[in-house]
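Here is my note on the model, point by point. Please read it with the structure open.

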Amino acid sequence: VKLHPLTAVRDALLYGVQAGSFGFFASAMGGMTEMVPMRAAFVLAPLGFALGAAYGVARYTAFEYELGETTLAIRSGVFQRQAREIPLGRVQNVDVEQSLLQRLLGLAEVRFETAGGGATEGKLSMVDVDDADRLQADLRQRRRAARQGGADGEASEPEPSVLYELSLGDLLVLAGVSFRWGVVPLTLFSYPFVDDLLVGLFRRYVVEAMLGGTLSPSDPRLLGVGLALLAGYATLAWLLSAAVTVLQYYGFRLARLDDQLVYERGLVQRYSGTIPLEKVQSVAVEENAAMRRLGYAALTVETAGYAQGGGGGDGGERSPSAIPLADRGTVLGLVAAIEGVENVAVDRPPERARRRYAGRYALVVAGLAAALAAVHLLVRPLGVLWALPVVALAGALPGAHLKWANRGYHAGDRHFLARTGFWRRSTRVVPYYRLQTVVTERTVFQRRWGLASVVGDTAASSTLLSRSATAHDLDDREADALHDRLREGLVADLIDRRTVGRRSRVERLRDGEG
Amino acid sequence: MERLDSRVRYTWAVSVLVVALVLGVALALVGGFLQVDRLWLLALLVVPLGLTHAVLRYRRWRFAVDEDALYLERGVVTEVETSVPFVRVQHVDTQRGPLERLLGLASVVVYTAGSRGADVSIPGLRPERAEALRQQLRDLAIDSEGEDAV
């Protein structure tokens, strides 16, 4: 099956403009160095455009996909031909994305993720939006058939049952309490805006006063101005982040359809995805400090689908949110339904871990103080800045306590729970049978305190941001016991699943709705 | 628990010397630029540190093929213990770099689908041992074939 014909138009324009501008700039450069006459641009630019456009069209004609009974086959490539087959049972997430223009034209981009490979494994850009829906329905139907042992096409498509909907009020709360670091570079690009508001004010009141001689550079009021500027910038970034969040999560809806979780979201750019429940590696309850205060939580569901740092589409999201924000009870309810874990309570690390954190922070503060002292003595007097380490020291002890208080683990009957983080607390729930390796780590500093950390690694797409489930700073002996427990848990759980056939996630969810 | 072949220390020692050499050249260039004489001597500090590390590393390194998992213990600054259940083994390699070939050594690398999979490797084995271990792990992985890993 071919992609939508408009893909050819888009690709032709895309590559045409690319190659055309290359031709233009190449001749412009050549013109400057007088190697080719400037006039060459009139030839090279259209020539580049024509070649690029031809390549775009050729790409379209070379691309073909076919959803078969057992595999998704994709042929692509103009110069380097590629034929790929993805067994349907190996497909993890399926995402459908529609930009505003694509929505107006009734088009969509479909992405199939598997656990292999780096980038998205099967990317259909673009198909008709009805085709996208049909692809997903066909995939579901074939999976169902495979599960029921080849009884083909009999089972009718079940109705999706809505598990959760993000209300407008909750959306605004979500926008308020979550900060997206991704907007920071954005604020720098929106320079005129920042320029007018912040830099403009700064120039008007500070620089002019300095030049006019009414304000000296060592005036303590400058510190106030600096703080005000910082606060202004922070507010701006926060507003921008809130706007992005609203755009992304507007109309979020999570439903169960057959053996999959299905979600959709987005105001301008529509985004929808499916997560097969049998592919779920782990779930994580995410609560940042503000959400905990207000009694909210979020839930992410990890599969092995997304490649490192890639995937997820907009916002650089790693593992899709099953629930971006809801009251804690709702979130825990879904955890119970997906994993069969009723309680996400954990045991804290031993008390000496807290002393360790306090010591560590105190060392950082001491380092800061030493650096400032050196600057003060050797470079120039620093004035009120000496107060900085004192303030930091005052923060070190509560900081150590909060870090300690928000860490912990629990090894249950069938699951390993690990929690960490104060600002963004994350409680990861890993079924034993999803464990890949178990690792115990003891740094030099941990050994001094008789502490160790235990990592339960899964096949989930790991990123720098979300580390695998780790029980931090346990007592040495406890760590050894946990290591063995995880190992035994994995083997026992696997045997159990093979012989008895446990109640699946799908059944649990179905019963939960009952 | 099994230990590595003691010759593995030489491979580590050689890599220490290579690092020291590279560092020395870099420092010599920087020293020339900043007009500081004999800055490269700093690189010599790396040598005793690195050699001590290599010896300690050899002393710490242990592994065992348990009933249900491959178990490794290693690390000098950070001690690491890893269990790789056989069910989770995706494939097993034996590798021999030029230096290892020179010393008559080989490594076994065990891959899992985990996010930190490829860092499970056992260096400093005699080639026959590496070969045998690879086959043993392969057989154990096949025997314990369980639910689909991902």
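Where in chain A is A:M126 placed? A:M126 sits in strand β6 of chain A, residues 122–128. Keep in mind throughout that this is a predicted model.

1. Backbone, chain A. Look at the peptide bond that runs from A:S125 to A:M126. This bond is cis, and its omega is near 5°. Most peptide bonds are trans. Please check this spot by eye.

2. Backbone, chain B. B:Q35 is not a glycine, yet has a positive phi of about 60°. B:R38 also has a positive phi, near 60°, and is a residue other than glycine. Most residues other than glycine have a negative phi. B:Q35 lies in the loop between α1 (8–34) and α2 (43–60) of chain B. B:R38 is likewise placed in the loop between α1 and α2 of chain B. Are these residues buried or exposed? B:Q35 has a relative accessible area of 71%, so it is exposed, since the cut-off is over 50%. B:R38, at 62%, is exposed by that cut-off too.

3. Nonpolar surface on chain A. A nonpolar patch lies on the surface, with about 870 Å² of accessible area together. Its members are A:L100, A:L101, A:L104, A:L105, A:L168, A:L247, A:Y250, A:L267 and A:V268. Which helix gives the most to the patch? Helix α3 of chain A (residues 100–105) does, with 4 residues. A:V268 comes from the loop between β9 (260–265) and β10 (270–276) of chain A. This valine is partly exposed, at 35% relative accessibility.

4. Helix packing in chain A. Helix α5 (residues 168–177) and helix α8 (residues 221–249) have axes that come within 8 Å. They cross at roughly 140°. Why call the pair oblique rather than roughly antiparallel? Roughly antiparallel needs an angle over 145 degrees, so α5(A) and α8(A) count as oblique. Their crossing is right-handed.

5. Salt bridges, overall and in chain A. The whole structure has 33 salt bridges over all chains. In one of them, the side chains of A:E64 and A:K2 meet at 3.4 Å, N to O. A:E64 lies in strand β1 (residues 64–67) and A:K2 in the segment before α1 (6–32), so the pair ties together parts of chain A that are 62 residues apart in sequence. A:E64 is partly exposed, at 37% relative accessibility. A:K2 is partly exposed as well, at 33%.

6. The side chains of B:R126 and B:D5 form a salt bridge at 3.2 Å, N to O. This pair links distant parts of the chain, 121 residues apart. B:R126 is in the loop between β7 (120–125) and α4 (127–143), and B:D5 is in the loop between β1 (2–3) and α1. B:R126 is partly exposed, at 42% relative accessible area. B:D5 is buried, at 14% relative accessibility.

7. B:R134 and B:E131 form a salt bridge, with the closest N and O atoms 3.2 Å apart. Both lie in helix α4 of chain B, 3 residues apart, so about one helical turn separates them. B:R134 is partly exposed at 23%, and B:E131 is partly exposed at 33%. In chain A, salt bridges with shared partners join A:E97, A:E109, A:R111 and A:K123 into one network.

Definitions and conventions: Residues numbered from 1 in each chain as written. Chains lettered and ligands numbered in written order. Predicted model: local features only at pLDDT ≥ 70, side-chain atom pairs only at ≥ 80, totals over all residues. Heavy atoms only, no water. Helix = DSSP H or I, 4+ residues; strand = E, 2+ residues; numbered from the N terminus. Buried < 20%, exposed > 50% of the residue type's maximum accessible area, 1.4 Å probe, protein only. Patch = residues over 30% accessible without salt bridge, like charges linked within 9 Å, V, L, I, M, F, W, Y side chains within 5 Å. Areas by Shrake-Rupley, 256 points an atom, 1.4 Å probe, with all protein chains shown as cover. Salt bridge = Lys/Arg side-chain N within 4 Å of Asp/Glu carboxyl O. Axes fitted to C-alpha atoms, helices over the stretch in contact; angles between N-to-C directions. Parallel < 35°, antiparallel > 145°, perpendicular 65-115°, else oblique. Left-handed = near helix turned anticlockwise from the far one by under 90°.
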